[in-house]
Amino acid sequence: MKRIRTYIIVITIFLSACKEKHERPVWLNPSPSLSFHFQELKFSAGKKKWKALLINSLQPIELESSYEDGILSVKPPLKGGTIEGSAEICLSLDDDNFFYPVRLQNDTASFKPIIFRSPKTVNPDSSLNQQLILYKIDEFRNIATGKNNELFIEDEVSLSPRAGTYNTADPLKSYYVQPGSCVKIPVKSAFNSSENVFQITAGPLKDKNDNLIADGTLVTFIYDADKLSKMETFTLKGFATAKIPAVRNYQIYAQIDRLISEKIILKQ
Amino acid sequence: MDNINKAGLWNDYLGKKLLLVALSLVLLTHGVIIYFTLPKTYDAYVHMFFADHYNRFWFEPWEYRWYTGFLTISYPPLVHQMVALIAKIFPLKVAFCIYAIFIYEILVIGIYRFTKMFFDKNTAGIAAILGVLLSSIVETLHVYGQLPTLNGLAFLLNALPFLYQYFLKGKGIHLVMALVFLAVTVSSHHVTAIFGMVFFIAPTIFMAFVDGLPQDKKTVNFFKFLFTIVKVAFNKYKQIILFVLLIVILMVGLIFPYWYWSKTDPITQVSIPHGSRDNFLKNFSSGLIFYIVPLTLIFALLPAVCFGITNKKRYMAWSISFFLCLLLGSGGTTPLPKMILGANAFNILTLDRFGFWASIIAIPFMARFIHSFIAGDIKQFWIRKFSTSFHFILSAISGFSYLLFIVFIFHLASFRPLQPKEIEIEPMLNFLNRDSHMRWRYLTLGFGDQMAWLSANSLAATVDGNYHSARRLPELTTRPVERLENAKFSGTAGLASLNDFLTDAEKYNLKYVFSNDRYYDPLLYYSGWSRTIRLENGIMVWEKGNISTIKPISARAISPLLTRMWGILPVGSFCIAILLTLIYLSRYKEPDFFEAYRDAEINYPKFAIYTSSFLPVIFFSLFISFQIYELLLVKQQSNPKDTVLNFYNNLDFQRFEKAYRFYKPDPTYTLDQYLLEKSVNDGGLLPSYAKLDSIEVKQISLKGDSARLAVYTRWKTSLGYREKNELLDLVKTGKTWYIFPPEFTPEIPEEQMRSYTYTLFKKAGKRVISSFPTVKDDKVKKPFAAFKQVNLVNNGKINFITGEVLNADDVPINLAMKAVVIYTDKSKKEFYPKTVFQYNLSPKASTYFQIDMDGNKQKIVSVALFLETDVSERGYIHGGTPGFNTENLGGGNLMLKTKIYDELTTDLNIPGVLIAEKDKFGRIWQTRLELFTTAIRSGLNREFTHPFKTIQHRAKMISNLDISTYINGTQRKIMPLAKDDLANQNHGISMIPHCFLSQEIYLQ
C-alpha cells in the first residue's frame, strides 16, 4: 500500500511538471497596417483563453478579447491613439507567446508646432542670438514630417535688445532677454533734515540698450569719513539709494563692478 | 487547618512564587515605563534603525542610509531581526518595547536558574526580584537602551545550569540545551559570548568539576585541591573537547558573515573617547554614571558578597571572575585594566560592561545575604541583639531608600539629560519626501540618537551614522569623533570633521542640513550654506547649492549563501531554543536536581553582618540626601570664587533667571532690566553661538565684604576658540556673595524708525507638476560668473590660491569652488575655500577667496580651478558698511581699525569682513576672514581693532604655472587685472563686509 502511495505521488508530481505545448493561433483576417480603432481581429484559438496585447514602441496595451466558436476576437479600447509605426500583436497563454507584426497608424491626429529656443535666457553682454528648433507633434507624440521628409527645422534669430519676458502661447516656452551691464552711474544726493541723513541716489542705471539694469544689482557707495567706508546697496527699478548719517561732509562716489561714477560732495 | 493552609500557601514552592512575583514586577515597572524612557536612551534608536533595515530588506546586508553605505553584518542580527518581525504587526517603537520586556522576563528567569546553581530556590526567587530592580540592569535598559547585551546575557545565564549539569553528569541533552542557548547569545551579542566564555562559562565548568568531587577531596589543602581539579579536567577531556569544538563551530558558523566582515574589512579607526575609560577619581561624573550607579548595591553589600564568594572552594573561579570584572570596570582609574586588556582592546571596548558583569555574578551572593537578612540567621542576629522592631525599621529604611534610588535611575536620563529634547520627525519626513529631496544626502545637527530614529523612518540617506564600527569614511575614522551631529562635544577634532563634510559637500552629495542647535549656525553660514525653511518643529533646514544628486554606489558584494545564512540562522537558533526548551521541560527536566549541590546557610562573620546591614542604609540615604542637597540646599554663593563659577555655569546653560540671582539685589535692577540689557549687549558670537570651554577665576583683591576677581573664559565656537577677560566686583551681604551688575552704557540710534529697501527674489522652481526630476523647459540656466584674478602663492611651506570672482549675471547666485591640484607623483588632491569666501553673490558683486592647500612634499604640476554657479533666491546681503584705516607698525605688521555701521533693519549678529592684501598691480596675496564677537544693532556703529600681518615681502607668487579655470564645466579665461587705487592708499588692504544675520526671514 505504501509503495502504491509513493507511485501515486511521484506520478502526480511528474504530470504536474509536464506542460502542454500550445499551437500558434492562426490570424484569420490579417492586415499589415492597422489604425488604432481597428475592427476586430480574429484568430482561430480553440477553446483556450488567450491573452492579447498590442505592443507598440512605447508600451503594451491590453486588448479586449472575446470568444465565439473557437474564434478569438480582439479589439483595442475604444478611445485614444498611439505612437505610430512598427508594433506587434502578442497572444499569450501560459508561457507561450506568439507575435504578429503590424504597422500602426492613427485615424486622426491634430499636429501642433513646437519651438525650442536655445538659450532661453539671453544676455546682451554676450549675444542676442538664439537658435531655434521647430517641429510638429500630435497629441500622441508622433512627429510630423515636412515637405522633404525632414523631422524638424533649424534656424537662428537675432532678438530685440529690449529686456523683458517674451511670452508665447505656452508659458513654458517663454524666453527672456536680460538687461546688460550698466554703462553709466549718475549720482545725486539730498540732505534729509528730518532724519539728519544724506540720501544718495544712483540712477537711473541703464545698459547700452537703454534698459534699466537688473534688480538687486550691487551698487557700492564709497565715501571717506574718518575711515574709508563702503556701503553696499541694491538696485530696484534702476535706482539704488543709500542713507548716510550726516555727521560731517563727505566725498562720495558709486561703483558697480569696475564702473565708477563721478565723485560728489555731500554737504548739509 | 486554616492556619496550615495559609502557611502552605506561602511556603510551598516559595522560590517559584517569588519568580512569578519578579516576572509580574517586570511587567508592572519596566513594562509601564519603557516606552517613555526609550527616547532618552543612548542606543535604543540605533537598534531600532537596524531593526527597520531588516524589516525592509531582510536578506540584503547593504544599508545605504548611513556613511554612504555599510554592511549590517557588522553587528549580530538576532535582536534587530526579532524586533523587525514584531514590527510587521506593531509600530517599530512598540515592537522594540515588546521584545525588550520579553527579554527582561527571560533574563529574570535566567537569574533565577543561575542562582539555583549556588543556593536554594527561595534565594533564587529573591535573586529574581533583585534582577528586576538591580541598578546595573535598569541602567542598561533605561539609560543605555542596550537590548542586545541584555538578550545575550539572558540566554547566557539560562545556558549555564545546563552546562553545569552536562559537566557534572555527562548527559547529551544538557549539552544540547546549553549549546542552543549559547547559540542565541552568540547571535545577539558577540562580545557577551566571547567574554561570557571567560567570566561565566569557565567558572561554571570549574564549579561542576568541584561539585563532582567526593567530599574528602574537597577538604584537602589548596594546592592539592587545584591538582585534583586539573586531574578531573584531564579525565573529562572528551567532554571539554566536544563542548569547545561545538561552541567554536557555533560561534563561527552562526555569525560567520560577521567574522568574515571583521577579517576582510578590519576596523582601523582612531579610538573614540568613552567615559568608561576615564580615571573616575579625576572625572567623577564618568565614575558616577559608569561605575557607582550600576554597582551601588554591590558596593553596599560588598563585605557580604566578598565573604560569600570567597567562602567556598566551589566559588573560586567565580570570585576570580567577579574581582577581575570589578577591576576592569574601574576604567582608567588604575593602570591595571589597560595592562590586562592591552592598549588596543582597552581603547576599543567600553569598560562599563565589565562592571555590569560583576554585578550579575554578585547577584546570587547578594540574594543570599538579603534572604538571610529578611528571614534567616542575620534577622535572628538583629532580633537577638536589639529587637524585632529594630530589624523591621532597618529593613524598611534600607528597602525604601534603595527603591527611591532605583526610581532615580529609572529617570536618570531625565535628571541628567543624555539626549536633546524629543524632536517630532514628521515635518522632516515630509520635507525629505517632497520635491525629490531624497535624491541628495542630509545631515542632522544637535539631534542626539534621534538621528537614528529619523533614519529608521525614512529612506533618505545621511552622511552621518550612529554605529562607529561600520564607518569607513576617512574624514570620520581618522579623528576621535563619535558622530558629526554632536561634533561640538568632540572638541577641535569633531568640528574639523564636520567642517570637512560641510565644505566638501559635493563629494558626499550632501545638500541638506537639519539643525537643532544654533551653535553650528556660524560654521554653516561661513561654509556656504543658506537657510531654506524653518520646519513646524522648529528645525532649521540649511541648503547648499550646486550639489549633484547621489550617484549609484555598488554595494559591497557578499555571497548569496552568506546573506541567506545571516537571514535564517540567528532567528532559527532562537526558534530552536524555544522549541527545545518546551521539549526539555516536558520530557527531561529533573526536579530539584540542584538540591544535592547547594550550599546551606552561609555563616557571615559579624563584620560582614554589621557593614552589609548598615551600608545600604547609609549609601542610599546619603545618595538621596545628596541629590536633595544638590537640588535645594547647595550654597552656590558662599565665597567669591564659587559665586563667579556658578554664575557662569548658569550663563552657559542659558539659565538667565538663576544667573540674575547672583547679582546684588537692587530695586532698580530688576530681572526685566537685566534681560533687557542682556538682549541689547548679547547676540554676538559670544555667548549666543558659543559653549564655555574653560574658566579661570583669579582673586585680585578681598577687603572685608568686597572682592574683585579677574575672570578668564575660553569659549568654544563652531569657528574655533575665543577668549575673553573680564573684571567682576563682588560684595557680601549676610553670608552670601553677590556680583555687581556690569555698568551699562546704552547706545541709542538717532532714528525712531528705520527703513531699508531689500530686493527679494523668488525662483519659480518646478512649474510643471510632474514627478519627473527634470523638465527641460523648467531648467533655469546656469548663471554667468567670471574670475577677475587667480594667483598661486607660496608662503614658506604653504601654498595657496587667491583670487576674486564676479557674479556677471542679473540674478543672485550660489557659488561652489574647488581646486584640483596634480603633483609630480601624479597624485591628485582637491581643495576648497572653506570660510574665506562669499558663497552667495548679488548681481555684479565680487568676492575674494583663498584656498589653502595642505603640505605636500611633491611639486605641483598643474592646478585647475572649478567654479559652479546656481541661481539663488537669497543669501546675497552680507551686511553692514565697513569703514577702515590702517596703521603700519613696521615689519609687515598692520593695525586695522575697522568700524562697521549697521544700516540694515536687522542686527548684525556676527559682524565680519573679508580682507584682501593686494599689491600695487591689484594682485591679491592673501585673503582673511575676520569676525568680531559682539553683535551690532540696527542703526549703530561698532569699532574693532585687529592686527594684520602682510606677506608680500616674504611670500612669492608662482607665475610659471598656468592655472586652468573652469566655470560650469567650460574653460574660461581670467579677466584682465585692474589696479585697486583704494587698496594702494591703505597699505594694500581692501575689505568687503561678510556678516552673519541671524534673522532668517530674508536674504541669508
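**Exercises on the interface of chains A and B**

In this predicted model, 37 residues of chain A are in contact (heavy atoms within 4.5 Å) with 45 residues of chain B. Because the model is predicted, local features need pLDDT of at least 70 and side-chain atom pairs count only at pLDDT 80 or more, while totals for chains, interfaces and linings use all residues. Residues are numbered from 1 along each chain as its sequence is written, chains are lettered from A in the order in which they are written, and side-chain values use heavy atoms, with hydrogens and water left out.

**Exercise 1.** State the area buried between chain A and chain B, and its leading contributors on chain A.

*Solution.* Buried area is the accessible area (1.4 Å probe) that two parts lose on being put together, summed over both. For chains A and B the value is about 3400 Å², and carbon and sulfur atoms give 53% of this area. Of the area that chain A buries against chain B, 20% comes from Lys227(A), Lys230(A) and Arg258(A), more than from any other three residues.

**Exercise 2.** Describe the salt bridges and polar contacts across this interface, and the elements of chain A that take part in it.

*Solution.* A salt bridge requires a side-chain nitrogen of Lys or Arg within 4 Å of a carboxyl oxygen of Asp or Glu. By this rule the interface holds two salt bridges. One of them joins Lys788(B) to Asp257(A), at 2.8 Å from N to O. Strands here are DSSP runs of at least two residues, numbered from the N terminus. Those giving two or more residues to the side of chain A that touches chain B are E18 (218–224), E19 (228–234), E20 (240–245) and E21 (250–256) of chain A. E19(A) gives the most, with seven residues.

**Exercise 3.** Determine how E19(A) is joined to strand E18 of chain B.

*Solution.* Strands pair if DSSP finds at least two bridges between them. Two bridges join E19(A) to E18(B), residues 881–890, and the two strands run antiparallel. Within E18(B), Phe884(B) is the bridge partner of Leu228(A).

**Exercise 4.** Is Ile989(B) buried or exposed, and which residues does it touch?

*Solution.* Ile989(B) lies in strand E26 of chain B, residues 989–993. Buried means under 20% relative accessible area and exposed over 50%, with partly exposed in between (1.4 Å probe, protein chains only). Ile989(B) is buried, because its relative accessible area is 0%. Not counting residues up to four places away in sequence, the residues that Ile989(B) touches include Phe884(B), Leu894(B), Ile915(B) and Phe948(B). Phe884(B) is also the bridge partner of Leu228(A).

Definitions and conventions. Polar contact = N/O pair within 3.5 Å; in protein donor to acceptor, adjacent residues only side chain to side chain. Helix = DSSP H or I, 4+ residues; strand = E, 2+ residues; numbered from the N terminus.
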